[in-house]
Amino acid sequence: MFRSLLKRSAARKRNGKAERGVCCIFKDTLEFILAVSESSHPREFVGLLTAERTAEGGEVISDVIILPGTRSSSFSASFRRDMLPLGVRFVGTAHSHPKPQAMRPSPQDLQMFAQTGQRHIITFFPYGEDCWRCYDALGREKQLKVVER
Ligand code: ZN
């Protein structure tokens with residue numbers, strides 16, 4: 001298993017296609033984000049994303065941290081910066097939009113994205129398996145591969 005992962009990694013390097021940065025999300029992590037979005041409805045949920053390294057040298061989103069003191073309402077969700085845990089390296093955020101098809105980041109979202117990592121997930125009502133999008137820190141839509149843990 002390990003040897004085949006190493007081989008794959010070497011092959012990717014030769015092709016110059018090594019995946020860098022945050023490229024994937026674990027399926028169960030995405031399902032958790034959608035489930036919390038649904039249970040928070042009609043209020044917004046917001047959380048921080050953490051990641052693990054992959055054998056290919058990229059990173060896979062593996063966990064969501066929901067901070068105490070997060071203010072949430074039907075139209076906004078925001079972090080309290082003083083509640084950010086020390087020593088936790090987060091790679092982005094996840095939050096929900098309670099309106100149907102509201103997949104685009106708002107101007108406030110773009111401000112938050114620019115300050116809190118490189119990948120940002122927005123889920124939207126009705127929180128089905130395709131009811132999410134991923135953006136980078138500048139609000140450009142990015143592909144995120146869903147992988148088994
Ligand atoms: Zn938003």
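This is a predicted model: local features need pLDDT of at least 70, side-chain atom pairs count only at pLDDT 80 or more; totals for chains, interfaces and linings use all residues.

Biologist: Okay, how many helices and strands does the chain come to?
Modeller: The chain has three helices and nine strands. Starting at the N terminus, the order is α-β-α-β-β-β-β-β-α-β-β-β.

Biologist: And what percentage of the residues count as buried?
Modeller: It's 28% of the 149 residues. Buried here is a matter of counting: 20 or more other C-beta atoms lie within 10 Å of the residue's own, with 12 or fewer for exposed, partly exposed in between, and C-beta atoms placed from the backbone.

Biologist: Which residues have the most contacts inside the largest nonpolar core?
Modeller: Those are Ile 33, Leu 34, Leu 49 and Ile 61, in a core of 19 residues. At least two core residues come from each of β1 (22–26), α2 (27–40), β2 (46–53), β3 (59–65) and β7 (119–125). β1 gives the most, with four. A nonpolar core, by the way, is a set of buried Ala, Val, Leu, Ile, Met, Phe, Trp, Tyr and Cys residues joined through C-beta atoms within 7 Å.

Biologist: What does Ile 33 touch?
Modeller: Skipping residues up to four places away in sequence, Ile 33 touches Val 64, Ala 94, Ile 121 and Thr 123. Two residues are in contact if their C-beta atoms, placed from the backbone, lie within 7 Å.

Biologist: Back to β1. Why is it largely enclosed by the rest of the structure?
Modeller: Because four of its five residues are buried.

Biologist: Which strands does β1 join, then?
Modeller: β1 runs parallel to β3, with three bridges, and parallel to β9 (residues 145–147), again with three bridges. Strands count as paired if DSSP finds at least two bridges between them. On the β3 side, Ile 25 stands opposite Ile 61; on the β9 side, Cys 24 stands opposite Lys 145.

Biologist: And β2, parallel or antiparallel to β3?
Modeller: Antiparallel, over six bridges. Thr 50, for instance, has Asp 63 in β3 as its bridge partner. The two strands make a hairpin with five residues between them, and Gly 57 in the turn has a positive phi of about 90°. β2 also pairs antiparallel with β6 (residues 92–100), over four bridges, where Gly 47 is partnered with Ala 94.

Biologist: New topic: Ser 37. Buried or exposed?
Modeller: Ser 37 sits in helix α2 and counts as buried because it has 28 C-beta neighbours inside 10 Å. Beyond four places in sequence, Ser 37 is in contact with Phe 45, Ser 96, Thr 123 and Tyr 127. Ser 37 and Tyr 127 are 90 residues apart along the chain, yet their C-alpha atoms are separated by 7.0 Å.

Biologist: Last one: what about Gly 92, where is its place?
Modeller: Gly 92 is in strand β6, and it counts as buried because it has 23 C-beta neighbours inside 10 Å. Leaving out neighbours within four places in sequence, the contacts of Gly 92 include Val 22, Leu 49 and Thr 116.

Definitions and conventions. Residues are numbered from 1 along each chain as its sequence is written.
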